[in-house]
Amino acid sequence: MSSVAVAAPAAPSALRVPPNKWLVTLSVTFGTLMGAIDASIVNVAMPQLRASVGATVQEITWTTTGFALATVMVMPLTAFLGRLFGQKRVYLACLGLFIIGSFLCGLAWNLPSLVLFRAIQGFGAGALQPTEQAILRQTFPPKEQGMAMALFSMAVMVGPAIGPTLGGYIVDNFHWSWIFFINVPVGILGFFMVMRFVHEPEDLLAANRAEGEKQRKNLDWQGILLLCVGLAALQYLLEEGQSNDWFESAEIVLCTLVSGICLVAFVIRELTAVAPVVNLRLFKDAVFTSGTMLSALMFSILMASMFLLPLFMQELLGFTATQSGLALMPRTLLMLVLMPIIGRIYTRFPPQVFITAGLAFTGLGVFQMSHFNLSTGTRNIMAAIMLQGLGFALMMVPLSTVALSRIPRHRMPDATGLNSLIRQIGGSIGLAVFASLLSRYGTQGKAVLATHLTAERPEVMARLAQIRGGFMARGMDYAHAQETALRMLSGLTARQGMVLAFDKLFVLAALLFLVVMPLVLFLKAPKLKDGPSEPVHIDVEI
């Protein structure tokens, strides 16, 4: 194998047919899309999983916690593993592990086996996103980097969006095991396509061999241990904090201390190690840092809104899981249509224009959701989420592109691993914070409304009499009807209190988009003529 420089003629013996970038893209997207879908698809199958493996509500959450813990531990190690074994080999090994884990999950016979197999899935899924991102950056020429990141963003953003809908359909019409078995044929197809169409350039192989040899001589076991323990503790407290009442739990306090100590020690270790397992010095680049942090915040709010809105529709508006998924589908379809278009026109305008417009549209869409009430219909919901879809499409492509614009090719796996990790943690933080605030605001909303339910208010007494009369008309005696009417009025109050809680959270999310706008000033992509002159394609066999 050999590589051909873009700007210089190659010797006849070194000539290779350029790769078909679309086949490379399709090959590596299978794994990323499946991993993104599986992060959320299990949520809708929880009742069936509980019944099948005999678990409580608290215990069954370990199926998602185990997957998340394994995923975040692998993401930052992607570049390290790629230098030791080769980028393509790592991708194939992780995709194979994901396929095996998926098959075993479908065969799980009890809770421990299901949690173990979900962790195997997570270990496989962890390297798929950052490796795909690096491969696409190395495959597409500089002027088409926006298109490359548009294709990557479609898999990352659309996966969590369609996961619940797809899972709901499968669970409603087939056995729950098929949410895992469906990954097997798709994964096998992606595996063989990667083997055939994706090959690493010789210049990157040479650079990785040199750094890999240095890593073997100075293996950073301390860094690996500190990273795994610190991230596992952090992800656990984010996943389980709400259900354990946060710092009222000694377990969560311990996880906080362990994660804080280990991650601080990890940073110190990586900045002093001869061959660090994770290259934290990439954060010295202001463009990479600001782009990564903006992506994490955007993903956190995306995950929070994807958690809040279906919950609002199902708990308060009475939608089924399938109906709520279908109501959210226009946002996903709009993103699918717009992302390739934005990727194509990305070079015509400064990235700040796209990102600022995206922040504005998304904030406006989320703010519209703060006016939702118990009479809100599907049309109102679609109008708000279509604005969000437009905003996310405008933001995600430029952010993914410009954040990595000044990263050298041989450091791309390091950068994509960190970018994916921070985005994943951002999503977990968003879910944890908004889920905790929802519970708190719901309690506060009910308490505020309850202060107005007094016997001195004629409208309250009239409403109570109306409800009591309805029950008495069905044959209840006065005392029983009065008691039932009071409980019903309390339930209506709690429901309205939850509406207020959702509205407050939507306002908070909208404000967050305005707060981060100053970070856009740090995003200054280099001009294309200043881009890399080294080969940017991946060789393929002929």
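Student: Is the crossing where helix 6 passes helix 11 left-handed or right-handed?
Tutor: Helix 6 passes helix 11 in a left-handed crossing. Left-handed means that the near helix is turned anticlockwise from the far one by less than a right angle, and right-handed means clockwise. Helices are DSSP runs of H or I with at least four residues, strands are runs of E with at least two, and both are numbered from the N terminus.

Student: What is this model, and how are residues numbered?
Tutor: This is a predicted model, where local features need pLDDT of at least 70 and side-chain atom pairs count only at pLDDT 80 or more, while totals for chains, interfaces and linings use all residues. Residues are numbered from 1 along each chain as its sequence is written, and side-chain values use heavy atoms, with hydrogens and water left out.

Student: At what angle do helix 6 and helix 11 pack?
Tutor: Helix 6 (residues 87-107) and helix 11 (residues 183-197) pack at about 165°, with axes 9 Å apart. Axes are lines fitted to C-alpha atoms, for helices over the stretch in contact, and angles run from 0 to 180 degrees between N-to-C directions. That makes the two helices roughly antiparallel; the cut-offs are under 35 degrees for roughly parallel, over 145 for roughly antiparallel, 65 to 115 for roughly perpendicular, and oblique for the rest.

Student: And helix 17 with helix 21? Which residues meet?
Tutor: On the helix 17 side they are Leu-359, Thr-362, Gly-363, Val-366, Phe-367 and Met-369, and on the helix 21 side Asp-503, Phe-506, Ala-509, Ala-510 and Phe-513. Contact means heavy atoms within 4.5 Å. The axes of helix 17 (residues 351-369) and helix 21 (residues 478-515) come within 8 Å and cross at roughly 170°, so these helices are roughly antiparallel as well.

Student: Switching topic: how many strands are there?
Tutor: The protein chain has 0 strands and 21 helices.

Student: What about disulfides, how many?
Tutor: A search of the whole structure finds 0 disulfides, a disulfide being a pair of cysteine sulfur atoms within 2.5 Å.

Student: Is Cys-94 buried or exposed?
Tutor: Cys-94 is buried, at 9% relative accessible area, and Cys-255 is buried at 14%. Buried means under 20%, exposed over 50%, and partly exposed in between, using a 1.4 Å probe and protein chains only.

Student: Last one, Leu-328. What does it touch?
Tutor: Leu-328 touches Leu-309, Pro-310, Met-313 and Ile-385, leaving out residues up to four places away in sequence. Leu-328 is found in helix 16 (residues 321-345) and is buried, with a relative accessible area of 10%.
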